[in-house]
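User: Could you zoom in on one part of this structure and walk me through it? I'd like the detail at the level of individual side chains, please.

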Amino acid sequence: QVQLVESGGGLVQAGGSLRLSCAASGRTFSRYVMGWFRQAPGEERESVAAIGWIDGSTYYTDSVKGRFTISRDNAKNTVFLQMSSLKPEDTAVYYCAARERSSSTVDYWGQGTQVTVSS
């Protein structure tokens, strides 16, 4: 059974930092792209960042470039999202996700972790 388990969310003041972790298990993810999505109340879920499991290529949405860094530890099957210079508009539930490289559809989702940035 595939599981993506997020941790590291919480409450932080504007300008602060948080690191999210996503522990992946249940299959080999070498052919997958791992990503982070977020969904704020009343908003659609949006892609925030992604990383290729093998080649490490990365993607960031414009609003987080220069502030967020996605990385992975292949040995521990874990993906990280380092978030710095956080803004109130970063407040959302953050979800870990996995999709096959050749697909645009997410195959697996985590349960989500709440990030709240106070002004």
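Analyst: **Into the core**

Let's start with M34: leaving aside residues up to four places away in sequence, M34 touches L4, A24, F29, A49, A50, I51, W53, I70, V79, C96, A97 and A98. Bear in mind that this is a predicted model. M34 belongs to the largest nonpolar core, a set of 28 residues, and is listed with W36, L81, M83 and Y94 as having the most contacts inside it. Two or more residues of that core come from each of β3, β4 (32-39), β5 (46-52), β7, β8 (78-83), β9 (92-100) and β11 (113-118).

Now slide along to R38, which sits in strand β4. With a relative accessible area of 7%, R38 counts as buried, because the cut-off is under 20%. What does its side chain hold on to? The R38 side chain makes a polar contact of 2.9 Å with the side chain of Y94, and another polar contact, of 3.4 Å, joins it to the side chain of S63. Again skipping residues up to four places away in sequence, R38 also touches others, including E44, E46, D90 and F68.

Four strands, in the order β1-β3-β8-β7, form an open sheet with antiparallel pairing.

Notes
Residues are numbered from 1 along each chain as its sequence is written. This is a predicted model: local features need pLDDT of at least 70, side-chain atom pairs count only at pLDDT 80 or more; totals for chains, interfaces and linings use all residues. Side-chain values use heavy atoms; hydrogens and water are left out. Two strands pair if DSSP finds at least two bridges between them. A nonpolar core is a set of buried Ala, Val, Leu, Ile, Met, Phe, Trp, Tyr and Cys residues joined through side-chain atoms within 4.5 Å. Buried means under 20% relative accessible area, exposed over 50%, partly exposed in between (1.4 Å probe, protein chains only). Contact means heavy atoms within 4.5 Å. A polar contact is a pair of N or O atoms within 3.5 Å; within protein, one must be able to donate a hydrogen and the other to accept it, and residues adjacent in sequence count only if both atoms are side-chain atoms.
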